[in-house]
Amino acid sequence: MSSTVGTILSVSFYPVFLWVSIHYQMPKVSAFAVCVFLAIMGVEWIRNKADDIYEVVIGRWRKK
């Protein structure tokens, strides 16, 4: 699941960072590297938020 979410995040970020790399005359590969890094960080953020929501929703029922 995390690889799927990471791929979706990378593909959605790529055009923006590709434009930035072309605008600042950087290699196009740098856009891909930034996208992969942000996708990994995004997957971790989504995982943490999902754990928090699980604790709020399910945690109430387990306390009873």
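Helices here are DSSP runs of H or I with at least four residues, numbered from the N terminus. In this predicted model, tyrosine 14 is found in one such run, helix α1. Helix α1 covers residues 2-23, and a loop separates α1 from α2. Helix α2 takes in residues 28-63.

The backbone of glutamine 25 has a positive phi of about 55°, although the residue is not a glycine. With a relative accessible area of 76%, glutamine 25 is exposed, because the cut-off for that class is over 50%.

Serine 21 has its place in helix α1. The relative accessible area of serine 21 is 1%, so the residue counts as buried, the limit being under 20%. Leaving aside residues up to four places away in sequence, serine 21 touches Met26, Pro27, Lys28, Ser30 and Ala31. Of these partners, Lys28, Ser30 and Ala31 fall within the residue range of α2.

Further along α2 comes cysteine 35. Cysteine 35 is also buried, at 1% relative accessibility. Its contacts, again not counting residues up to four places away in sequence, are Ser10, Phe13, Tyr14 and Phe17. The C-alpha atoms of cysteine 35 and valine 16 are 19 residues apart along the chain and are separated by 9.4 Å.

One of the contacts of cysteine 35 is serine 10, which is placed in helix α1. Serine 10 is buried, with a relative accessible area of 13%. In the other direction, serine 10 touches Cys35, Val36 and Ala39, with residues up to four places away in sequence left out of the count.

Two further contacts of cysteine 35 are Phe13 and Phe17. A search of the whole structure finds one aromatic pair. That pair is formed by phenylalanine 13 and phenylalanine 17, with 6.4 Å from centre to centre and 85° between the planes. The arrangement is edge-to-face because the angle between the planes is over 60 degrees. Both residues lie in helix α1, four residues apart, which is about one turn of the helix. Phenylalanine 13 is partly exposed, at 29% relative accessibility. Phenylalanine 17 is partly exposed as well, with a relative accessible area of 24%.

Tyrosine 14 counts as partly exposed, at 31% relative accessibility. Patch residues need over 30% relative accessible area, and tyrosine 14 belongs to a nonpolar surface patch together with Phe32, Val36 and Ile40. This patch has an area of about 360 Å². Helix α2 gives the most to the patch, with three residues.

Aspartate 51 lies in α2. Its relative accessible area of 43% makes aspartate 51 partly exposed, since the value falls between the limits of 20% and 50%. Aspartate 51 and leucine 38 are 13 residues apart in sequence, and their C-alpha atoms are 20 Å apart in space.

Key
Residues are numbered from 1 along each chain as its sequence is written. This is a predicted model: local features need pLDDT of at least 70, side-chain atom pairs count only at pLDDT 80 or more; totals for chains, interfaces and linings use all residues. Side-chain values use heavy atoms; hydrogens and water are left out. Helices (H or I, at least four residues) and strands (E, at least two) are DSSP runs, numbered from the N terminus. Buried means under 20% relative accessible area, exposed over 50%, partly exposed in between (1.4 Å probe, protein chains only). Contact means heavy atoms within 4.5 Å. Patches are made of residues with over 30% relative accessible area and no salt bridge: like charges are joined within 9 Å, nonpolar side chains (Val, Leu, Ile, Met, Phe, Trp, Tyr) within 5 Å. Accessible areas come from the Shrake-Rupley method with a 1.4 Å probe; for residues, only the protein chains shown count as cover. A salt bridge is a side-chain nitrogen of Lys or Arg within 4 Å of a carboxyl oxygen of Asp or Glu. Rings of Phe, Tyr and Trp (its six-membered ring) pair if their centres lie within 6.5 Å; planes under 30 degrees apart count as stacked, over 60 as edge-to-face and the rest as tilted.
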